[in-house]
Amino acid sequence: MAIQIAQDPAADKVLAESPFALLAGMMLDQQFPMERAFAGPAKVLERFGSLEPAAIAAADPERFSELCRTPPAIHRYGGSMAARLQELARVVVDEYDGDASRIWTEASDGKDLLKRIQGLPGFGKQKAQIFTALVAKQLGVRPAGWEKAAGDYALEGYRSVADVVDPVSLQKVRDYKKAKKAAAKDA
């Protein structure tokens, strides 16, 4: 299955070809439209020329921040997200020899996978659960116990980015989130 989260063929191709891009897109997915967050790595590649974690980690922070803030920015908080992206790249370099896919392909089970993801900058429990579901549902990486680790995000339906495979599913996820927000507000 081809990744269609950014809803832009070129940006989705970057996500499909670069494990670090997919991880970075997930990191950027907060307080910003989902498809724009996942298009961020393609902007970085276009402007910086690389998505190699070692290159991003070693980049001059001021210049890297500037390219991330240049309109259209990679995020509404382009400067702080540039710093977090460099921090994420450093962790991938230091702990996974620059290969982001090792985070999920070498996990011993679902609990280990969740722990590895939660240990990354910008990944709290909920985001780690969503990314666990994303790699399971869209990449077929399903270590034993991944469903328990991902919680409700492992269920069939349209709860998160893990379930976005086309424009229709993107809208269904948006509708689900809107209904959930409204229910929480009413409670």
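A residue counts as buried here when its relative accessible area is under 20%. Keep that cut-off in mind as we walk through this predicted model, starting with its aromatic rings.

There are three aromatic pairs in the structure. Take Trp104 and Phe131: the ring centres sit 5.4 Å apart with the planes at 65 degrees, and since anything over 60 goes down as edge-to-face, that's the label this pair gets. The two partners come from distant parts of the chain, with Trp104 in helix H7 (residues 102-105) and Phe131 in helix H9 (residues 125-139), 27 residues apart. Both Trp104 and Phe131 are buried.

Phe131 has another ring partner, Phe123, again edge-to-face, at 6.1 Å centre to centre and 75 degrees between the planes. How buried are the two Phe residues? Phe123 has 4% relative accessibility, so it is under the cut-off, and Phe131 comes in at 0%. Phe123 also has a charged neighbour: Lys127 lies over its face, 5.9 Å from the ring centre.

Lys127 and Phe131 both belong to the buried set of H9, so let's look at that helix as a whole. With 12 of its 15 residues buried, H9 is largely enclosed by the rest of the structure. What do those buried residues pack against? Their partners are helix H2 (19-28), helix H3 (34-48), H7, helix H8 (110-118) and helix H10 (146-150). End to end, H9 reaches 20 Å from first C-alpha to last, close to the 21 Å expected at 1.5 Å a residue. Just past the helix, Gly140 takes a positive phi of about 75 degrees.

Terms used: Residues are numbered from 1 along each chain as its sequence is written. This is a predicted model: local features need pLDDT of at least 70, side-chain atom pairs count only at pLDDT 80 or more; totals for chains, interfaces and linings use all residues. Side-chain values use heavy atoms; hydrogens and water are left out. Rings of Phe, Tyr and Trp (its six-membered ring) pair if their centres lie within 6.5 Å; planes under 30 degrees apart count as stacked, over 60 as edge-to-face and the rest as tilted. Helices (H or I, at least four residues) and strands (E, at least two) are DSSP runs, numbered from the N terminus. Buried means under 20% relative accessible area, exposed over 50%, partly exposed in between (1.4 Å probe, protein chains only). A charge sits over a ring if NZ of Lys or CZ of Arg is within 6 Å of the ring centre and within 35 degrees of the ring normal. The expected span of a helix is 1.5 Å times one less than its number of residues. Contact means heavy atoms within 4.5 Å.
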